[in-house]
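Please consult the sequence and the coordinates as shown, and then follow the points by topic.

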Amino acid sequence: MARIDLENIAHSYAAEPSSEDEFALKKLNVSWKDGGAYALLGPSGCGKTTLLNIISGLLHPSQGTVLFNGADITSKSPEVRNIAQVFQFPVIYDTMTVYQNLAFPLQNRKIPKNEINTRVTRLADMLELSKYLSRKARDLSADEKQKISLGRGLIREDVAAILFDEPLTVIDPQLKWSLRSQLKRLHAEFNHTMIYVTHDQTEALTFADQVIVMSEGEIVQTASPQELFERPAHTFVGRFIGSPGMNVMPCTIDNHHLILAGHAINIGCTVTLPTGAERIEFGVRPEFVKISTDKCALPVTVEAIEDAGRYQIARLKFCDLTLAAILPDGEPQPSGNVGIMFDAENSHIYANGHLVGKRS
Amino acid sequence: MQKAHDHKALWLVAPALLLVAFTAVIPLMTVVNYSVQDTFGNNQFFWVGAEWYREILRSDRFHAAFLRQIAFSATILAIEIPLGLAIALSMPKKGLGVSVCLVLMALPLLIPWNVVGTIWQIFARVDIGLLGHTLSGLGIDFNYTQNAGAAWVTLIIMDVWHWTSLVVLLCYAGLVAIPPAYYQAARIDGASRWAIFRYIELPKMSRVLLIAVLLRFMDSFMIYTEPFVVTGGGPGNATTFLSVDLVKMAIGQFDLGPAAAMSVIYFLIVILVSWAFYTIMTRDDFEQYRRSQ
């Protein structure tokens, strides 16, 4: 159990990075509270795994310090840090039985036999692996193997943190749910600090209390799932989270009013742009675009209606801009030329990609 | 749906069958044919049944050659497999060193057998060979034309020099195929270097090791060219292995019948021992297969 702080951490896989671009991880500061459930969310190649490996000690950062409970452990090895890590593909010791696999980390730490026995039995029970204990680990299915990998992390009750590197990638969809809820239960029981890397927003949003969204080696927002949805701090977060993502359209601000493709729009507040703001964008989630017959409604053309299962998405064209709207259940499908309104509360202005504060 | 039951598919395997028939089955059957007959020349053959087999299996000469052969193959395997593993484990995994090591390792494999024999024949000579001359200069009685021990040592060192590379390359291929996550997980589990070898590297290499053992067994069991070039089977009969003996019998003495019987026995031994290795080394896989049924 530990509080983890990363101070000015940066990493480059090049020996002598010459430019900012060569950094897989740009300078960042993060704090992970003891017992927190965090998700690191971002597209492939954004530096999530690099960050995770720096925490576990598999990778030595080019710059910065890693603190566990305030102590500098940057140069310490993974076994000294007492970290557990679960990888994308199940790692099991082929020739060992399930029992031996689970006991392995404890044996390496010279824990007495009867203590190992009680812990393995108890954990196998929680992970529903009891009936396989005497089987060879490699005879099991992918999800059972991944449970073993997970179990080898959980078996050490004193670990500083458990890190998950996209652990459910190889698991069948219906089993993902059960494993994820099992993870949440285990988190509640042991109260370990858990850091969960994923590129799947559903996974991140259901697992974590705090989601850290990364893009191109930088942290773009750290927030609760709800805040990520309602107030994306960056257009990247808006686009990346949500299905479909946020509508982001170029706009201008004239005299505190929003001008979108030549139309002035009332978003119920005034906007003050930061000095030097160049790229101004307007962002609104498809959930907050309403089909309206109001006389102030913006004229759009319905281009297509997509069925996304529980709801329908209307693809709209407004002048030369395209945007999506989620249609409420049970209303007639719009077609041809219709009007739309934006929910003022949930409309945001971005300058150079970053959220600009609104004043009402 | 009704499936058509005819034998058209046989035509698809016919070309392969034909090829195998001409390259393997027919020559083999010729040998089998010789092994049950006797001839006094003039193309006249007499049926002798299992007579030649009985003679070979009872002959002291065959027993001696067989024991020498077993001892040679066992020594070769006992040295080359662990040595090959050790070299593969200590080879670099990335950087320029990889190509350098791989080229160095591949070099002995590229040399023809008879050239290898000639190299060592000269290298180990007492009068002009670097190795032989140096050893005798150090006061060691090393003369492979007179001393059976020296002849054996020369042949074994030669084979180790020639073929350990093959084991190294196979093991190395198995090693680099292990995903890095296994090593990372082992570090996190606090595994020792020995435990990593025992529980990750060795199990992951079991398949390539099986191939290495089988290839090295069969090759060393059938070794002919090198002892023929280096020692000619001597001194005395000290390095007369099965194949050397067989050639002496068939071509030197022109005893076609007994030689044919010996060939068949030789062939069966190679198959039997290879099958035994294969069965023992894939035991776990069979268990897994049976359980999944």
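Over all chains, the count of salt bridges comes to 16. The model is a predicted one, and two of its salt bridges lie across the interface of chain A and chain B.

**Salt bridges within chain A**

- A:Lys48 and A:Glu166 form a salt bridge in which the closest N and O atoms are 3.6 Å apart. This pair links distant parts of the chain, 118 residues apart: A:Lys48 belongs to helix H1, and A:Glu166 to the loop between strand S7 (161-165) and helix H6 (173-190) of chain A.
- A:Lys48 counts as buried because its relative accessibility is 3%. A:Glu166 is buried as well, with a relative accessible area of 9%.
- A second salt bridge joins the side chains of A:Arg119 and A:Glu115, at 2.9 Å from N to O. Both residues lie in helix H4 of chain A, four residues apart, which is about one turn of the helix.
- A:Arg119 counts as buried at 16% relative accessibility, whereas A:Glu115, at 34%, counts as partly exposed.

**Salt bridges within chain B**

- The side chains of B:Arg216 and B:Glu80 meet in a salt bridge of 2.7 Å, N to O. Here too the pair links distant parts of the chain, with B:Arg216 in helix H9 (residues 193-221) and B:Glu80 in helix H3 of chain B, 136 residues apart.
- B:Arg216 has a relative accessibility of 0% and therefore counts as buried. B:Glu80 likewise counts as buried, at 0% relative accessibility.
- B:Glu80 and B:Arg216 belong to a network of salt bridges that also includes B:Asp159 and B:Asp219.

**The contact between chain A and chain B**

- Chain A contributes 27 residues to the contact, and chain B contributes 20 residues. Among the residues of chain A, A:Leu58, A:Tyr93 and A:Arg138 supply 24% of the area that chain A buries against chain B, more than any other three residues.
- About 2,000 Å² is buried between the two chains, and carbon and sulfur atoms give 53% of this area.
- One salt bridge between the chains brings together the side chains of A:Asp94 and B:Lys204, at 3.0 Å from N to O.
- Seven residue pairs are in polar contact between chain A and chain B, counting pairs with both residues at pLDDT 80 or more. On the side of chain A that touches chain B, helix H1 (48-56), helix H2 (78-81), strand S6 (83-86) and helix H3 (98-108) each supply at least two residues.

**Overall form of chain A**

- The secondary structure of chain A comprises nine helices and 24 strands.
- The C-alpha trace of chain A spans about 80 × 50 × 35 Å along its principal axes.
- Chain A has 360 residues, of which 53% count as buried. Its accessible surface is about 16,300 Å², and 48% of that surface belongs to carbon and sulfur atoms.
- Of the contacts in chain A between residues at least 6 apart in sequence, 68% join residues at least 24 apart.

**Backbone features of chain A**

- Most residues other than glycine have a negative phi, and most peptide bonds are trans.
- A:Ser243 and A:Pro244 are joined by a cis peptide bond, with omega at about -5 degrees. A:Pro244 is situated in the loop between helix H9 (235-240) and strand S11 (247-250).
- A:Asn82 is not a glycine, yet has a positive phi of about 60 degrees. A:Asn82 lies in the loop between H2 and S6 and is buried, with a relative accessible area of 15%.
- A:Lys110 also has a positive phi, near 55 degrees. The loop between H3 and helix H4 (113-126) holds A:Lys110, which counts as exposed at 71% relative accessibility.

**Selected residues of chain B**

- A nonpolar surface patch of about 580 Å² is formed by B:Leu18, B:Val20, B:Phe22, B:Val25, B:Ile26 and B:Met29.
- Of these residues, B:Ile26 is located in helix H1 (residues 10-35) of chain B and is partly exposed, with a relative accessible area of 44%.
- B:Phe66 is located in helix H3 (residues 60-90) of chain B and counts as partly exposed at 24% relative accessibility.
- Leaving aside residues up to four places away in sequence, B:Phe66 touches B:Phe221, B:Leu242 and B:Ile269.

Conventions. Residues numbered from 1 in each chain as written. Chains lettered and ligands numbered in written order. Predicted model: local features only at pLDDT ≥ 70, side-chain atom pairs only at ≥ 80, totals over all residues. Heavy atoms only, no water. Patch = residues over 30% accessible without salt bridge, like charges linked within 9 Å, V, L, I, M, F, W, Y side chains within 5 Å. Areas by Shrake-Rupley, 256 points an atom, 1.4 Å probe, with all protein chains shown as cover. Salt bridge = Lys/Arg side-chain N within 4 Å of Asp/Glu carboxyl O. Buried < 20%, exposed > 50% of the residue type's maximum accessible area, 1.4 Å probe, protein only. Contact = heavy atoms within 4.5 Å. Buried area = accessible area lost by both parts, 1.4 Å probe. Polar contact = N/O pair within 3.5 Å; in protein donor to acceptor, adjacent residues only side chain to side chain.
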